[in-house]
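Colleague: Before I rely on the labels in your annotation, I would like to go through how each one was assigned. Could you take me through them?

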Amino acid sequence: MSDAKFFQRGKIQELRMELNSDKKDRNHTRKKATLKKIVANMTMGNDMSSLYPDVVTCMAIPVLEVKKMVYLFLINYAKSKPEMALEAIPTFRRDVEDPNPLIRALAIRTMGYIHVEKVTMCLLQPLRHCMRDQDPYVRKTAAVCVAKLFMQDRHLVENAGFIDLLREMLVDSNPSVVANAIAALTEISERSDHIQLKLNMSLASKLVTALNECSEWGQTYILESLMFVVPQDPGDAEMLAERIAPRLQHANSAVVLTAVKVIVYLMNYMAKDEDIASMCKKLSPPLVTLLSSGPEVQYVGLRNILLVIQKHPDILKNDIKIFFCKYNDPIYVKMAKLEIMFRLASESNVEQVLSELKEYATEVDVDFVRKAVRSIGRLAVKIESTAQRCVEALLDLIQTKVNYVVQESIVVIKDIFRKYPNRYESIISVLCENLDNLDEPEAKAAMIWIIGQYADRIENSDELLDDFLYTFLEETVEVQLALLTATVKLFIKRPTAGQDLVPKVLKWATEEVDNPDLRDRGYIYWRLLSTDVAAAKAVVLAEKPHISTETDNMDPVLLEELLLHIASLSAIYHKAPTTFIPHCKPRFLIPSPALRRQYYGRSQLIHQDSYVSIQSGQTSSSSKNGSSSKGEDEQNGDTIPSEPHHQRLSYHEQSFDQVAEASIGNQKYYDLKIAAENPYRTDTPSAASASNGNKGSVGDLMSFDL
């Protein structure tokens with residue numbers, strides 16, 4: 001029978017009478033039904049707290065279903081009425097010693113949810129016993145309870161020795177217990193300011209062995225924890241990746257994406273290019289399989305794929321047809337597929353991609369059509385051999401006279417002119433026929449740029465610009481800047497035609513607008529033209545730098561950070577988690593002798609000797625800072641370690657050793673920060689000498705060298 005009948009507003013007095021009824025209640029059937037009504041009313045938002053004394057009396061009933069509902073009642077009202085929870089403490093103490101492991105686990109779980117100080121203090125001793133309970137279900141429930149307790153009181157968990165107990169549970173004989181223990185440790189490490197999870201290869205090997213017998217979510221927890229393994233040898237990274245690879249065939253998309261994240265992370269520590277190529281081949285099928293799921297999972301997969309192919313473009317280079325849009329795809333899936341299609345486009349498949357994009361440009365969805373048209377233009381910039389065909393496709397689209405298609409085409413044609421000067425200017429006349437269709441600032445600015453850039457080739461360029469100038473003061477800043485520059489270009493190239501327009505535009509720009517950028521540019525042009533026309537020509541008509549699609553690439557530092565957050569919200573937003581999650585710990589690749597970094601399309605391996613030399617150089621620099629004055633530090637280029645900038649550290653124009661040194665500097669900063677905040681710790685370089693080997697400190701608990 002359905003439980004929908006319980007979701008009706010009940011009267012408090014009637015429910016109390018049913019709970020306290022003296023009628024024979026075989027198997028407690030009536031009390032179960034009454035408690036269901038109470039829980040249903042509580043779920044609907046009705047205040048049932050006045051029934052607390054009557055509900056608590058039901059805790060003595062040794063039936064699991066009854067206890068679950070009573071505990072749910074307690075959890076719900078403990079936040080607003082904590083005094084109620086105190087009366088249940090004796091019952092909690094009895095239940096944690098119950099012969100039934102399900103009741104013991106239920107009691108521990110419930111106490112972990114109740115954020116009342118006295119209940120928390122009463123939880124400590126039973127929780128220790130449950131973490132060593134004979135039943136694995138109780139042990140794994142207790143492991144999660146430690147993580148909940150850490151959210152309430154971090155210092156209590158650290159000082160009570162629960163971290164040590166969790167550490168011991170990592171070698172438990174039951175894989176589910178291991179999975180929950182490592183999940184709790186990972187959560188604690190992510191939220192703690194001075195506890196850092198570190199796993200060595202021996203423990204990592206044991207965790208991977210437990211994967212086969214874990215549930216799918218247990219596998220996800222264990223795989224996530226492997227992100228805290230730092231291989232010291234390329235062989236360790238290769239071996240670990242090979243053992244994780246079977247998880248790529250799992251039916252659960254979370255397991256697949258987490259396995260992809262770990263393998264992509266381990267590829268940074270592999271030495272041989274053939275090993276990396278082999279791993280790329282193994283990553284391709286599972287990523288393709290994700291696209292056969294529902295649209296939501298598809299979108300998550302596509303956003304993660306977009307990150308992976310920017311670092312390893314060979315992974316899906318032969319599977320571009322998988323990303324062709326289907327007629328029934330949601331718009332967000334179509335847009336994500338378009339971006340990946342462009343990324344994977346090459347000379348070998350560009351004909352197929354261009355044909356698809358032309359088809360998409362005739363769809364009915366405006367945003368999708370705009371994205372398709374823009375992709376055609378970007379394709380022309382990216383692959384020179386197909387530029388002619390892309391221009392022809394854009395001209396065909398302009399002939400459709402669809403307003404937003406025409407405007408988007410003009411925007412991308414401007415970029416094509418920039419990329420290939422003096423090659424496709426014959427189509428300018430076609431563009432000028434569609435001036436009346438321009439009503440968007442970006443399209444207007446693009447067309448004005450074209451008119452100004454080719455003012456000497458367009459006979460009536462002065463008339464065209466004059467038409468735009470009628471609404472100069474009402475236009476957006478983007479259009480005003482374009483008009484100002486285009487008018488000056490016209491004057492320099494055709495002084496007679498532009499002599500009437502320039503004074504008018506310069507007067508407007510310097511006297512009648514509020515935007516400082518526009519005013520400053522107007523003053524600069526005015527002074528250049530009034531003092532030295534030749535200098536003005538050299539400035540305004542200077543050779544433009546060539547554009548490329550590399551400007552669309554994600555910042556290498558941000559990309560590297562996002563690859564460490566695959567299968568998370570960060571990978572979907574394409575934003576570092578520190579930008580939208582308060583107090584989130586940043587992640588970065590930890591230096592080791594095997595660390596390999598890629599920049600400007602090249603890869604380099606840090607060998608043992610260079611790694612040691614970098615570390616020794618860092619140490620000598622630190623000692624030098626300590627013995628010199630501030631002025632000498634600045635003069636010598638050595639600075640006292642300050643907060644690291646690894647989140648926005650640019651690798652451009654830097655050698656690989658400089659990048660590695662920066663990463664080591666980041667780690668050093670955190671070590672010093674931890675030591676300053678926690679002088680009793682012994683696992684940081686600065687504290688080690690002062691503590692004389694005090695291995696029992698809290699700080700050393702998270703360094704797992706088992």
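Modeller: Let me begin with contact, which means heavy atoms within 4.5 Å. On that basis, residues 24 or more positions apart account for 66% of the contacts in the protein chain with a separation of 6 or more. This is a predicted model, in which local features need pLDDT of at least 70 and side-chain atom pairs count only at pLDDT 80 or more, while totals for chains, interfaces and linings use all residues. Residues are numbered from 1 along each chain as its sequence is written, and side-chain values use heavy atoms, with hydrogens and water left out.

Colleague: How many helices and strands are there in the protein chain?

Modeller: There are 37 helices and 4 strands, where helices (H or I, at least four residues) and strands (E, at least two) are DSSP runs, numbered from the N terminus. Of the 706 residues, 51% count as buried, a term that means under 20% relative accessible area, with exposed over 50% and partly exposed in between (1.4 Å probe, protein chains only).

Colleague: Why is H23 called oblique to H25?

Modeller: The axes of helix H23 (residues 403–419) and helix H25 (residues 441–453) come within 8 Å and cross at roughly 40 degrees, the axes being lines fitted to C-alpha atoms, for helices over the stretch in contact, with angles running from 0 to 180 degrees between N-to-C directions. Angles under 35 degrees count as roughly parallel, over 145 as roughly antiparallel, 65 to 115 as roughly perpendicular and the rest as oblique, and therefore H23 is oblique to H25.

Colleague: Which residues of H23 and H25 meet?

Modeller: From H23, Gln407, Ile410, Val411, Lys414, Phe417 and Arg418 meet Glu442, Ala443, Ala446, Met447, Trp449 and Ile450 of H25. The residues of this contact divide into 8 nonpolar, 1 polar and 3 charged, where Ala, Val, Leu, Ile, Met, Phe, Trp, Tyr, Cys and Pro count as nonpolar, Asp, Glu, Lys and Arg as charged, and the others, Gly among them, as polar. The buried residues of H23 include Gln407, Ile410, Val411 and Phe417, and what covers the buried residues of H23 includes H21, helix H22 (387–398), helix H24 (428–432) and H25.

Colleague: What makes H19 largely enclosed by the rest of the structure?

Modeller: Of its 14 residues, 11 are buried, so H19 is largely enclosed by the rest of the structure. Its buried residues, among them Lys334, Lys337, Glu339 and Arg343, pack against helix H18 (295–311), helix H20 (350–360) and helix H21 (366–382).

Colleague: How do you know that the span of H19 agrees with what it should be?

Modeller: The expected span of a helix is 1.5 Å times one less than its number of residues; the 14 residues of H19 (residues 331–344) should therefore span 20 Å, and its end C-alpha atoms are 20 Å apart, which agrees.

Colleague: Why is Asn422 counted as exposed?

Modeller: Asn422, in the loop between H23 and H24, has 57% relative accessibility and therefore counts as exposed. Asn422 also has a positive phi of about 60 degrees although it is not a glycine. Most residues other than glycine have a negative phi.

Colleague: Is His574 buried or exposed?

Modeller: His574 has a relative accessible area of 13%, so it is buried; it lies in the loop between helix H33 (569–573) and strand E2 (596–599), and its phi is near 60 degrees, a positive value.
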